[in-house]
Amino acid sequence: MQEMSEKEIVEKTKVPATIESLRADLRALGVKPGMIVLVHSSLSAMGWVCGGAVAVIAALQEALGPAGTLVMPAHSPDLTEPSGWESPPVPKSWWPVIRENMPAYNPALTPTRSMGIIAETFRKQRSVLRSAHPQVSFCACGPQASRITNNHSLAFGLGEHSPLAKIYDLHGFVLLLGIDHGNNTSMHLAEHRATFPTKRIIQQGAPVSTSASRCWATFEDVDIDSSDFDRIGKSFLRSDAGHVVRRGRVGMADCQLMPQRNVVDFAVGWLEANRSN
Ligand SMILES: CC(C)(COP(=O)(O)OP(=O)(O)OC[C@H]1O[C@@H](n2cnc3c(N)ncnc32)[C@H](O)[C@@H]1OP(=O)(O)O)[C@@H](O)C(=O)NCCC(=O)NCCS
């Protein structure tokens, strides 16, 4: 997605969005009180919002009501095995330094990276819970927040013992707010579930704190790859299964709301049929 300055956003916006207008847009899209919604977002896609990220979160919480649960990714890819870093890679001689010195994951401190200002602002709000995974944590607020964030397994962090699997079990929804399926993290759950020839298990690592000190923990993970997620999303929308997707605008952002299990189940089948080499 092309990055836009706030000045450019102001110039393209006719009427600024407010908490009230965003709540109405979300309701029109199909966000209902009591839902569990995992949101992936881009603030700049929404046009100028009066109150920015804080207003978007307030609108989401109002649309969901007190019985609803709002969930966002809070991933922190700096806390990963440095030999796998790509953007940018770092010299091999730095790897041991990073493993030895990277500060341990602290749910109250570790910032998110590449999740956007809405997710980062949500992470810092009082009453928001964050799961314990050093790399792929999720934040949640609402009645199902502790169920979704508890017991996040270190190994296979986007798999069966992850917040994604809990959202699946609880019939939660995914809301893509101004972004497309390339960032639809729930497809990683499908990668864990699907069987395909190129699937690889790798050794991951991350700095974690134990009761006594900090250590570099190692654990197994699926070698995840989101490079075909946009294609999966397009196929999903074209398929019979895609009729469950509600499309509409929130502010100026093109949005999609869908039951998470439908997109995960579709992606499992797609990966098994298409990831062959
Ligand atoms: C990477 C990504 C976050 C970038 O989106 P973005 O809109 O450029 O960035 P943010 O959502 O952080 O919004 C900040 C931008 O909003 C704009 N902005 C600032 N104030 C604003 C306001 N009041 N109203 C609207 N836009 C505003 C600015 O352009 C700002 O960018 P700047 O800080 O560089 O000036 C987005 O493309 C994305 O991928 N989101 C999904 C992330 C995700 O869930 N990933 C999971 C994958 S596993």
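Biologist: At roughly what angle do the axes of helix 2 and helix 3 cross?

Modeller: The axes of helix 2 (residues 19–29) and helix 3 (residues 52–64) come within 8 Å. Axes here are lines fitted to C-alpha atoms, for helices over the stretch in contact, and angles run from 0 to 180 degrees between N-to-C directions. Helices (H or I, at least four residues) and strands (E, at least two) are DSSP runs, numbered from the N terminus. The crossing is at roughly 45°.

Biologist: What kind of model is this, and how are residues numbered?

Modeller: This is a predicted model, in which local features need pLDDT of at least 70, side-chain atom pairs count only at pLDDT 80 or more, and totals for chains, interfaces and linings use all residues. Residues are numbered along each chain as its sequence is written, from 1.

Biologist: Are helix 2 and helix 3 parallel, antiparallel, perpendicular or oblique to each other?

Modeller: Angles under 35 degrees count as roughly parallel, over 145 as roughly antiparallel, 65 to 115 as roughly perpendicular and the rest as oblique. Helix 2 and helix 3 cross at roughly 45°. They are therefore oblique.

Biologist: Which residues make the contact of helix 2 with helix 3?

Modeller: Contact means C-beta atoms, placed from the backbone, that lie within 7 Å of each other. From helix 3 come Ala55, Val56, Ala58, Ala59, Leu60, Glu62 and Ala63. Helix 2 supplies Ile19, Leu22, Arg23, Leu26 and Arg27.

Biologist: And how many residues of that contact are nonpolar?

Modeller: Ala, Val, Leu, Ile, Met, Phe, Trp, Tyr, Cys and Pro count as nonpolar, Asp, Glu, Lys and Arg as charged, and the others, Gly among them, as polar. The contact of helix 2 with helix 3 has 3 charged and no polar residues. The nonpolar residues number 9.

Biologist: Turn to the ligand. Which residues come nearest?

Modeller: There are 26 residues around the ligand. A residue counts as near if its C-beta atom, placed from the backbone, lies within 6 Å. By class, the shell has 13 nonpolar, 11 polar and 2 charged residues. Nearest are His40, Ser42, Leu43, Ser44 and Gly116.

Biologist: Now the backbone. Where does proline 88 lie, and is its bond from serine 87 cis or trans?

Modeller: Most peptide bonds are trans. Proline 88 lies in the loop between strand 2 (69–73) and helix 4 (95–101). With omega near -5°, the bond from serine 87 to proline 88 is cis.

Biologist: Is serine 114 buried or exposed?

Modeller: Serine 114 sits in the loop between helix 4 and helix 5. Its phi is positive, about 70°, although it is not a glycine. A residue is buried if 20 or more other C-beta atoms, placed from the backbone, lie within 10 Å of its own, exposed if 12 or fewer, and partly exposed in between. Serine 114 has 12 other C-beta atoms within 10 Å, so it is exposed.

Biologist: What is the phi of histidine 171?

Modeller: Histidine 171 is in the loop between helix 7 (163–169) and strand 5 (173–177). It is exposed, with 11 other C-beta atoms within 10 Å. Although not a glycine, it has a positive phi of about 60°.

Biologist: How many residues of helix 8 are buried?

Modeller: Helix 8 (residues 186–193) is mostly covered. Its cover includes strand 1, helix 7, strand 5, strand 7 (214–222), helix 9 (229–238) and helix 10 (260–274).

Biologist: Is the crossing of helix 8 and helix 10 left-handed or right-handed?

Modeller: The two pack at about 45°, with axes 8 Å apart. A crossing is left-handed if the near helix is turned anticlockwise from the far one by less than a right angle, and right-handed if clockwise. The crossing of helix 8 and helix 10 is right-handed.

Biologist: How does helix 9 lie relative to helix 10?

Modeller: The angle between helix 9 and helix 10 is about 110°, and their axes are 10 Å apart. That makes helix 9, relative to helix 10, roughly perpendicular.

Terms used:
Two residues are in contact if their C-beta atoms, placed from the backbone, lie within 7 Å.
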